[in-house]
Structures are given as structure tokens and as C-alpha cells.
Amino acid sequence: MSWEGLTRMTKIEVVLDGEHAPAVRDLFLQSGATGYTAVDGVSGFGHRGYHQGRLLFNDRASLSLLITVVPEDRVEGIVEGILRIIEDVHGVLFVTEVHVSRPEYFLH
Amino acid sequence: MSWEGLTRMTKIEVVLDGEHAPAVRDLFLQSGATGYTAVDGVSGFGHRGYHQGRLLFNDRASLSLLITVVPEDRVEGIVEGILRIIEDVHGVLFVTEVHVSRPEYFLH
Amino acid sequence: MSWEGLTRMTKIEVVLDGEHAPAVRDLFLQSGATGYTAVDGVSGFGHRGYHQGRLLFNDRASLSLLITVVPEDRVEGIVEGILRIIEDVHGVLFVTEVHVSRPEYFLH
């Protein structure tokens with residue numbers, strides 16, 4: 001079985017205005033993530049914006065996609081923290097099951 | 001259980017030449033997506049290109065990665081539309097199960 | 001069922017210093033991938049770095065995110081090769097189940 005030796009973790013992805021990226025990064029680290037990846041200069045528009053009409057359409061490349069991978073017991077705290085951050089700003093959150101090698105890299 | 005409160009959705013990712021990104025974006029929105037994310041300036045080469053030989057190798061950063069998240073009942077229409085778009089151009093399509101908070105943001 | 005006609009594959013994602021991206025790309029192709037996508041100019045810091053202290057914190061946009069999608073029988077060889085590459089450098093590897101249309105594009 002080719003996935004042998006891999007350990008299940010949870011990938012958390014957040015897309016939001018780049019100005020709020022530092023808050024997400026800090027939350028990741030304070031909530032037990034041992035690393036993260038950020039893709040800046042992302043465009044698109046938030047799901048809330050569309051509901052409010054095309055005026056909020058935003059194709060400026062001012063969004064950030066932030067990614068972290070954590071053990072399952074860290075997911076709830078991070079998701080709750082992200083929801084607090086994106087409550088008042090445009091942002092979406094996706095959670096995906098992933099598998100990693102070297103799980104000790106993702107643990108404190 | 002730390003995934004409590006999250007709702008299953010489907011993430012659709014498309015990688016194709018950036019000149020065709022607007023067609024994909026329009027398809028997403030016309031097919032019921034309420035938002036999308038685009039990462040431009042992506043490099044690589046398409047799977048079809050490799051089969052046709054290294055002459056098509058393309059490391060110019062001219063590709064786009066487009067991402068949307070939709071309820072499952074929107075997947076079929078979007079996938080069919082994407083396949084029509086990428087039939088004649090280089091492009092690949094991935095579908096992944098994700099979970100989101102605030103599912104109402106992804107619904108019309 | 002809206003995922004009808006899609007074929008299960010495995011997405012392999014690697015984040016590491018951009019200077020090592022060509023080695024990963026070559027490994028992908030030598031190990032049976034028929035294509036890949038690279039997002040350069042990514043920032044963040046590796047999980048190993050954090051353990052070694054904040055001095056290694058790295059927010060320079062010098063990382064690359066490399067993505068490929070392969071049939072399951074290619075996963076083991078690619079994962080082993082990636083682990084050899086990232087043994088001595090900062091890097092993380094994620095494996096995710098995805099579904100694709102046109103599976104023949106991902107096969108030699």
C-alpha cells in the first residue's frame with residue numbers, strides 16, 4: 001500500500017485580505033501549528049461579497065492564501081480563532097484531510 | 001470531535017493558461033459558485049504537453065490556478081463546463097472533498 | 001451522483017526553498033508524473049525551523065509550492081524521493097486524495 005508510513009493530519013486553508021494575514025499567521029502559531037505557508041498576491045472575491053452584489057467584486061491581487069497542517073486535536077481551536085478573525089472581514093476557510101510523512105515535524 | 005460544526009463541500013481546482021482564466025471564473029459563477037480564488041503567475045506544464053514531448057515544456061509563469069468551493073450538487077455542472085473549456089487547451093482539473101464553516105456563504 | 005466519471009488519484013504537494021524546486025520537479029517526472037504545477041514566491045517557514053527557534057523564521061518569499069497528481073502506484077516512489085531531497089533542507093510534504101476527469105492524462 002503506497003500510503004504506508006504516512007500519518008493523517010488536517011490541512012487548514014484561509015483566503016482573506018492580505019492585511020489580515022499576520023493575524024492568521026499568529027493564530028496558527030499560538031494555536032499549536034509548527035509552521036505555515038502563505039501565498040500572497042492572490043485574486044478573487046469572497047463568497048460574502050458576491051451576495052452583496054458585483055460592487056464588491058475584487059480582482060485586485062490583494063488576497064492571501066494561508067495554509068497550515070496540524071494534528072486533529074488542534075483543529076477546533078484554530079477554526080474557532082479563524083472564525084473570529086474573519087467575522088468582520090471577507091474570508092473563507094477550508095479544512096481538508098491530508099497525510100504527511102515525518103509527523104513529528106507538526107508536533108510541539 | 002474537532003471537525004464538529006463543519007460542513008462537507010467540494011473544492012474544484014483548475015490549472016490552465018492564464019488567458020483562459022476568465023472563462024473558468026465566469027463558468028464558476030454562472031454554475032452556482034459564490035466566490036473563487038485565483039493564483040496567477042504559476043508555472044509548470046500540462047499533462048497533455050508532456051505526452052507530446054519536451055518541446056511543449058513550459059516553465060514560463062503564465063498559468064493560473066483557479067479554486068472554488070461548492071456544494072456537491074453544483075459539482076457535475078462545473079466539471080462538465082470545465083471539460084468543455086480545457087478540451088482544446090492545456091489544463092487539468094482536480095476535485096477534493098473539503099469541509100467548511102459557515103456553509104451559507106457557499107450557497108445562493 | 002455528481003462525482004460520477006471522476007477517477008481517484010493522489011495529489012502530492014511539497015513546500016521547500018525555491019532553490020531546490022528543480023530537484024523536486026525532476027523527481028516528479030522521473031517517477032512517473034506526467035505534469036506538475038509550481039507556485040513560486042511563497043513565504044512562510046518550515047516546521048523544522050520553528051523547532052529550532054525564531055531565528056529561522058523566514059518570511060522572505062523564497063519558497064516554492066510544487067504540486068503533482070499521480071496514480072496511487074506512483075505515490076510511494078515519489079514520497080521516498082521527496083524525503084531524500086528534504087532530509088537536509090527545510091521542506092514539508094502533504095499527500096491528499098483527489099479525483100480527476102480524464103485519468104489518461106496522468107498516465108504514461
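In the predicted model, V15(B) touches L63(B), S64(B), L65(B), H90(B), G91(B), V92(B) and, in another chain, T37(C), where residues up to four places away in sequence are not counted and contact denotes heavy atoms within 4.5 Å. V15(B) lies in strand β1 of chain B, residues 7-17; strands (E, at least two residues) and helices (H or I, at least four) are DSSP runs numbered from the N terminus. With a relative accessible area of 6%, V15(B) is buried, the term standing for under 20% relative accessible area, against over 50% for exposed and partly exposed in between (1.4 Å probe, protein chains only). Although V15(B) and F94(B) are 79 residues apart along the chain, a separation of 8.7 Å is computed between their C-alpha atoms.

The model is predicted, with local features requiring pLDDT of at least 70 and side-chain atom pairs counting only at pLDDT 80 or more, while totals for chains, interfaces and linings use all residues. Residues are numbered from 1 along each chain as its sequence is written, chains are lettered from A and ligands numbered from 1 in the order in which they are written, and side-chain values use heavy atoms, hydrogens and water being left out.

Chain A contains three helices and four strands, arranged along the sequence as β-α-β-α-β-α-β. Of its 108 residues, 57% count as buried. Among contacts in chain A with a separation of 6 or more, 80% involve residues 24 or more positions apart. In helix α1 of chain A (residues 21-30), the buried residues are A21(A), V24(A), L27(A), F28(A) and L29(A). This helix is followed by G32(A), which has a positive phi near 105°.

In chain C, the axes of helix α1 (residues 21-30) and helix α3 (residues 75-86) come within 10 Å and cross at roughly 160°. The two helices, α1(C) and α3(C), are therefore roughly antiparallel. Their crossing is right-handed. At this contact, A23(C), V24(C), L27(C) and F28(C) of α1(C) meet I78(C), G81(C), I82(C) and I85(C) of α3(C). The residues of the contact comprise seven nonpolar, one polar and no charged.

Chain A is superposed on chain C by a rotation of 120° with 0.0 Å of shift along its axis, at an RMSD of 0.0 Å. The two copies are thus related as by a three-fold rotation axis. The copies use different surfaces, as 11% of the contact residues of chain A recur in chain C.

Technical notes:
Axes are lines fitted to C-alpha atoms, for helices over the stretch in contact, and angles run from 0 to 180 degrees between N-to-C directions. Angles under 35 degrees count as roughly parallel, over 145 as roughly antiparallel, 65 to 115 as roughly perpendicular and the rest as oblique. A crossing is left-handed if the near helix is turned anticlockwise from the far one by less than a right angle, and right-handed if clockwise. Ala, Val, Leu, Ile, Met, Phe, Trp, Tyr, Cys and Pro count as nonpolar, Asp, Glu, Lys and Arg as charged, and the others, Gly among them, as polar. Copies are superposed by least squares on the C-alpha atoms of residues with pLDDT of at least 70 in both.
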